[in-house]
Amino acid sequence: MITAILGAQWVPGPLPYNWKGNADVEFLLQAAGGSNAGHTIVVGDQVYDFHILPSGLVNPTCLNLVGTGCVVHVPTFFKELEDLHTKGLKTDGRLLLSGRAHVVFDLHLLIDGLQEGELTQAVEQELSLRGEDFDVNKKPSGGAIGTTKKGIGPAYSAKHARSGVRIHQIFNKEELDKRLKVLANGARKRYGDAIAGYNVDEEIARFDTYRERLRPFVIDAIPLMASAQEKDIHILVEGANALMLDIVTSSSTGIGGIVTGLAISPFKIKEIIGVVKAYTTRVGSGPFPTELND
């Protein structure tokens with residue numbers, strides 16, 4: 001049986017630790033998104049922050065998967081894992097990463113910031129021509145998206161342009177080096193001196209240190225998901241960014257994203273829970289008619 005918990009507004013759907021079915025969950029999955037989303041889980045006096053890692057790690061008997069539809073910044077993956085271990089959470093053998101997920105490079109983080117700056121500058125120029133002042137509180141259309149600058153958008157752009165790098169390709173050094181250099185060359189042609197401080201060889205060297213450390217987590221998720229569905233174990237899918245940010249946040253945040261991002265049969269999904277907050281918040285700079293600025 002598969003249950004999906006999704007945010008029904010702009011923000012991620014929180015996964016309550018005391019949700020009625022939590023204790024029975026055997027497999028918790030993350031279908032899409034990256035470290036731009038997250039959940040806070042409180043267990044007793046301990047507070048755990050989850051972003052790219054599935055929050056099912058708080059359940060000592062639950063297996064967890066970062067799915068194919070996700071994009072992963074490897075340094076953040078390790079940093080978040082280390083933070084959980086520092087708080088005493090044991091994750092050995094319970095965390096898996098799909099080899100088909102895409103990589104977020106430091107280059108993508110840099111591009112994310114540059115793209116936001118360009119969008120803001122374009123709006124400022126347009127308003128100037130109209131004799132109007134730029135007001136961040138008015139959030140004019142066409143301006144900066146208001147991303148978290150975690151490189152999510154550029155990583156998904158590379159994925160859909162078929163120029164991105166999948167997690168499993170990290171283990172082929174020659175292929176990784178070649179593909180990352182192609183990305184870096186393209187970025188230099190596009191942004192010029194704005195990325196002069198980026199050194200592709202330094203990022204390649206960092207991945208040389210990540211390679212063997214990452215290997216134990218990586219798995220071909222397709223046969224794993226087929227087996228889990230065949231056995232009909234209790235599976236829970238936790239949403240990343242919520243429904244009203246579908247595609248805006250670069251990933252598919254609804255049921256369609258679960259099906260494609262995890263290779264799940266839609267006929268196996270037995271329950272869908274949409275989470276609505278008592279007060280509404282949102283990420284980014286898009287329309288938000290009920291926002292208060294005072």
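## The nonpolar cores

The largest nonpolar core has 41 residues, and Phe-50, Leu-53, Phe-77, Leu-97 and Phe-105 have the most contacts inside it. Such a core is a set of buried Ala, Val, Leu, Ile, Met, Phe, Trp, Tyr and Cys residues joined through side-chain atoms within 4.5 Å, where buried means under 20% relative accessible area (1.4 Å probe, protein chains only). Two or more residues come from each of β4 (46-50), α1 (74-86), β7 (95-98), α2 (106-129), α4 (173-191) and α5 (200-214). With six residues, α4 gives the most. Helices (H or I, at least four residues) and strands (E, at least two) are DSSP runs, numbered from the N terminus.

There is also a second, separate core of 18 residues, with Ile-2, Ala-4, Met-225 and Ile-235 among them.

## About the model

This is a predicted model, in which local features need pLDDT of at least 70 and side-chain atom pairs count only at pLDDT 80 or more, while totals for chains, interfaces and linings use all residues. Residues are numbered from 1 along each chain as its sequence is written, and side-chain values use heavy atoms, with hydrogens and water left out.

## Around Ile-272

Look for Ile-272 in strand β11 (residues 269-275). Leaving aside neighbours within four places in sequence, Ile-272 is in contact (heavy atoms within 4.5 Å) with Ala-4, Leu-6 and Ile-255. Ile-272 and Val-237 are 35 residues apart in sequence, and their C-alpha atoms are 9.4 Å apart in space.

Definitions and conventions. Buried means under 20% relative accessible area, exposed over 50%, partly exposed in between (1.4 Å probe, protein chains only).
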